[in-house]
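I set out these entries to record what I looked up in one model, topic by topic. The structure comes before the notes.

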Amino acid sequence: MTGTPSGARIALAREGSASVETGLSVLDHLVSELARSARFRIALEVAPDSSGEAVGAAGRALGGAIAEQLAGDGAAGVGWSIVPADEALASASLERAKEPRFVTNVDFSDIR
């Protein structure tokens with residue numbers, strides 16, 4: 001990534017909230033929905049040069065921050081959810097693993 005470094009902070013909360021700036025409004029919306037549904041307080045900022053870099057940078061930053069939560073005392077280390085989001089049905093699964101991985105089937109290439 002050649003843009004400004006990315007960063008994310010995640011905390012558990014009674015009510016989810018998000019401060020998200022990725023340069024892609026749909027990605028900002030999806031991360032905000034994740035925060036609301038998972039009851040996370042998420043702060044995420046990435047400034048990449050392309051939409052593909054935005055998704056990758058956001059995934060890496062969020063993955064690192066979520067990994068800390070999954071490794072906490074009493075955490076199962078895994079989780080999943082299926083959530084309605086506007087006209088879509090979003091699903092996500094998380095697993096604490098040694099090798100980081102971000103997989104999506106959403107095409108962000110034509111979105112600004």
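**Conventions**

I worked from a predicted model, in which local features need pLDDT of at least 70 and side-chain atom pairs count only at pLDDT 80 or more, while totals for chains, interfaces and linings use all residues. Residues are numbered from 1 along each chain as its sequence is written, and side-chain values use heavy atoms, with hydrogens and water left out.

**Largest pocket**

I looked up the volume of the largest pocket and noted about 1,600 Å³. A pocket here is an open set of points on a 1 Å grid over the protein atoms alone, where a 1.4 Å probe fits, with protein on both sides within 12 Å along at least five of seven lines; lining residues have an atom within 4 Å of a point. Points are joined across faces, edges and corners, and the volume is the space filled by probe spheres set on them.

I then listed the lining, which has 48 residues, with Ala-92, Ser-93, Leu-94, Phe-102 and Val-103 nearest the centre of the pocket. Two or more lining residues come from each of helix 1 (25-38), helix 2 (51-70), strand 4 (78-85) and strand 5 (88-95). These elements are DSSP runs numbered from the N terminus (helices H or I, at least four residues; strands E, at least two). Helix 2 gives the most to this lining, 10 residues.

I sorted the lining by class and found 28 nonpolar, 11 polar and nine charged residues. Ala, Val, Leu, Ile, Met, Phe, Trp, Tyr, Cys and Pro count as nonpolar, Asp, Glu, Lys and Arg as charged, and the others, Gly among them, as polar.

**Largest nonpolar core**

Which members of the largest nonpolar core touch the most other members? I noted Ile-10, Leu-24, Leu-27, Val-31, Ile-42, Leu-44 and Leu-62, out of 19 residues. Helix 1, strand 3 (40-47) and helix 2 each give two or more residues to this core, and the largest share, nine residues, is from helix 2. Such a core is a set of buried Ala, Val, Leu, Ile, Met, Phe, Trp, Tyr and Cys residues joined through side-chain atoms within 4.5 Å. Buried means under 20% relative accessible area and exposed over 50%, with partly exposed in between (1.4 Å probe, protein chains only).

I checked the contacts (heavy atoms within 4.5 Å) of Ile-10. Neighbours within four places in sequence aside, Ile-10 meets Phe-40, Arg-41, Ile-42, Leu-62, Ala-65, Ile-66 and Gln-69.

Not counting residues up to four places away in sequence, Ile-66 touches Ile-10 and Leu-94. Gly-59 also lies in helix 2 and is buried, at 12%.

**Thr-22**

Is Thr-22 buried or exposed? I recorded Thr-22 as buried, because its relative accessible area is 4%. Thr-22 sits in the loop between strand 2 (17-21) and helix 1. Its side chain makes a polar contact of 2.5 Å with the side chain of Asp-28 and reaches the backbone nitrogen of Leu-24 at 3.2 Å. A polar contact is a pair of N or O atoms within 3.5 Å; within protein, one must be able to donate a hydrogen and the other to accept it, and residues adjacent in sequence count only if both atoms are side-chain atoms.

Residues up to four places away in sequence not counted, Ser-91 touches Ser-81 and Ile-82.

My last entry concerns Arg-39, in the loop between helix 1 and strand 3. Phi of Arg-39 is near 60°, a positive value in a residue other than glycine.
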